[in-house]
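The following briefing reviews the architecture of a single protein chain. Please consult the sequence and the structure shown below while reading the points that follow.

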Amino acid sequence: MAKYLYKLGEWASQKSRQVLFGWIAILIVAAIGVGSVGITFNDDMSIPGTKAEKAMDVMNKEFPHGESGGQIKLIFKAPEGQTLESSSTHQKIQDTLDLVLNDKAVESIANPYQAGTISKNKEIGYATITYKVSADKVTDASKDKIKGIAKIAEKNGVQTEIGGTVAFSHVKIGGTSELVGIVIAFGILVFTFASFLAAGLPIITAIIGLGIGAMGILISSNFFSVQATSLSLASMIGLAVGIDYALFIISRHRQQLAQGLSVRESIARATATAGSAVVFAGLTVIVALCGLSVVGIPFLTSMGLSAAFTVLIVMLVSITLVPALLGMFGHRLSPKPKKQVDSKKSLVVKKNKDSNKWGRFVTRYPVQIVLVCLIVTGIISSPVLHMELGLPDNGMKSKETIERRAYDSMAEGFGDGINGPLVVVLDGSKSPNTQVSFTKVAKELSDLPNVSSVSPPTPNQSGKFAMVTVLPKTGPNDSKTKDLVNDIREKEINVNKYEKVKLMVTGSTAVNIDISDKLSEALPQFAALIVIFALLLLLVVFRSILVPIKAVLGFLMTLIATLGFSVFVLQDGHFINFFGIPEAGPLLNFMPVLTTGILFGLAMDYEVFLVSRMREDFTHLRDANKSILSSLKHSGPVVTAAGLIMISVFASFIFAEDSTIKATGLSMAFGVLFDAFVVRMTLVPAVMTLLGKSAWYLPKWLDKSLPTIDVEGESITNHIEDNIDKKVRKY
């Protein structure tokens, strides 16, 4: 591969303008494509085959004439000292609802006085407005009318909030988060390269690659089920790796220019060597992200494939556009010559030319460092023992949002359970007396723990099926609500035996509970798959048995530490104000699996960039300790800069409005921080010091049977140097 990349880098540097205009043309065409077909996101996060989904299918089949139109709830709170039944308040609410009828898109209005949707203390009630179209098709004009009507009611002294199935807030695509990440990354690059020009190139190439990847995702949303979250995740990862991959190639190029290579030769070699590592690292991340499809969960597959596509694009941009731009700017990217130092300092520099302070510190105290890393990991990881999974509801949004205010008002008037009702479908097709059985079942459901109320059974046209609404006393993400769902399903065994009635629980709360359980079951399987893949991959790359085991154990430390930190902040609520998290709650149910896939790819990137240098130097010097010092001296600064860039990009998404993106950005930022600086830059060299030469042991029979992967492009460097030597001898 290195030979092909050498030729590719050489060609790109010669055809720099054509390559640049080619990528810009692709970006423009992709943007035109988005403008032509539009964007059609599908934020459905269901999992086919779960108990709640099966119950939903039965309900839709047996109750086809149920209300399918979008619904908006106008929630009214009486002025202080009055109730909703006070004559003046009653009249104001009625006048408000009369204004709603002016919208021809409205199908019906369920008045709180007629529908009985008034709290026990008569202070809070709600009207249900049903539209002629589904919730996602209710127009902005209708939403604006409702907002205006609510403001009129507020002016009349009646607090009015807006809830229901119609969404008023949407995930914003792009913006502040990406900009903050780019600005911070640019600052790190300026410090690393000591050059504004060199610092700007990775930003430019990453933005072009990210733009093409994002446009591709937007276009694909018209043909596949793609969530808006998928685009944000792809942007997060694509921007980070795009900058990092360009950083590796440019850094190698500048080192070679300082050594006296010509511009064109240096570009070709940098593309062959650092470019080989970039391709390998990129493919590793892509495989990890595509591996999310193995879990068999549609929305996770969409997220993984979207991010993988973006990584593929930025990787291709890195090995073509970066060499092209390096060729365009020529010697202007050469590092400035270092200032002369006095004789005493020069002796110190000469003595430590193959090491740095951090390398000498780590290799001097390896046992103590390993113990400290293990203790720190144990402390940070401990909260994972009480991890809870769920999907964020409106109660976890900012108190400034429409949805949160409605959530709180409904909970105040009717209890937390009103925001997470459970729908129980009763199948009495085998019962001799369905109506009597349905009544008995409803009574038994009301006797279960944590039940606030149970509605009378509503039969379908055939009378063989009925629906019952069960209101828990607790909210949708409370563990007691999950226990209630399990209690109802356990109740089904006895009910089916004695009453010949099947119970099926559904509704958004039950669906989310089933999704969380499914993802919890999938995590160990996915993690095991990742670990096996990593062991085989690193075995081939590093020609060692102990190095892959050490790398995988380090990844597992990163994973559990990241999950522990996420539980500590997002679930337990520590520092949520500092990070701008509106409300503590259970972890996103797909975060553990998603974190596993993403962190694996990124962790292997740092492992390859750092340890491959150790292997290269050990092969030449046969001195394990010197190879560690050399790696930390030459590859350490690049890995440090790459880690800081990735952390800054992920952390910038903490400023996003959407709680899902905010939580993901925070977790990923910590994961990279821990893996890059605690595991790879600290624990790995300490363990390698303890292992010594045994770290590189591999049985000869196994070495012969394994394929050779040259991730650093060492073969092309040796090939070029051999050719030069031959020419010199011939001359």
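**Structural briefing**

Strands β1 and β3 run antiparallel and are joined by seven bridges. The model described here is predicted. The secondary structure of the protein amounts to 26 helices and eleven strands, and buried residues account for 53% of its 731 residues.

**Overall dimensions and contacts**

- The C-alpha trace of the protein spans about 105 × 50 × 45 Å along its principal axes.
- Of the contacts between residues at least 6 apart in sequence, 79% join residues at least 24 apart.

**The four-stranded sheet**

- An open sheet is formed by four strands in the order β2-β3-β1-β4, with antiparallel pairing.
- Its edge strands are β2 (106–110) and β4 (159–164), each of which pairs on one side only.
- From one strand to the next, the twist averages 20 degrees.
- Strands of a sheet pair through backbone hydrogen bonds, in either a parallel or an antiparallel arrangement.
- Four bridges connect β2 with β3 (residues 124–131) in the antiparallel sense; Val106 has Tyr131 of β3 as its bridge partner.
- Strand β1 is mostly covered, since five of its seven residues are buried.

- Helix α6 (residues 140–155) lies across β1, β3 and β4, and runs at about 155 degrees to β4.

**Two buried serines**

- Ser409 is located in helix α15 (residues 402–414). Its relative accessibility is 10%, so Ser409 counts as buried.
- Apart from neighbours within four places in sequence, Ser409 is in contact with Ile75, Ile124, Gln159 and Glu161.
- Ser648 belongs to helix α23 (residues 636–652). Ser648 is classed as buried because its relative accessible area is 6%, under the 20% cut-off.
- Not counting residues up to four places away in sequence, Ser648 touches Gly181, Ile184, Ala185 and Ile188.

- Rolling a probe the size of a water molecule over the atoms shows where empty space is left.
- By class, the residues lining the second largest cavity are ten nonpolar, two polar and two charged.

- Lys122 is not a glycine, yet has a positive phi of about 65 degrees. Lys122 is found in the loop between α5 (112–115) and β3.
- The relative accessible area of Lys122 is 33%, and Lys122 is therefore partly exposed.
- Lys500 likewise has a positive phi, near 60 degrees, in a residue other than glycine. The position of Lys500 is in the loop between α17 (479–498) and β10 (502–506).
- With a relative accessible area of 43%, Lys500 is partly exposed, a class that covers values between the buried limit of 20% and the exposed limit of 50%.

Methods
Residues are numbered from 1 along each chain as its sequence is written. This is a predicted model: local features need pLDDT of at least 70, side-chain atom pairs count only at pLDDT 80 or more; totals for chains, interfaces and linings use all residues. Side-chain values use heavy atoms; hydrogens and water are left out. Two strands pair if DSSP finds at least two bridges between them. Axes are lines fitted to C-alpha atoms, for helices over the stretch in contact, and angles run from 0 to 180 degrees between N-to-C directions. Contact means heavy atoms within 4.5 Å. Ala, Val, Leu, Ile, Met, Phe, Trp, Tyr, Cys and Pro count as nonpolar, Asp, Glu, Lys and Arg as charged, and the others, Gly among them, as polar. Buried means under 20% relative accessible area, exposed over 50%, partly exposed in between (1.4 Å probe, protein chains only).
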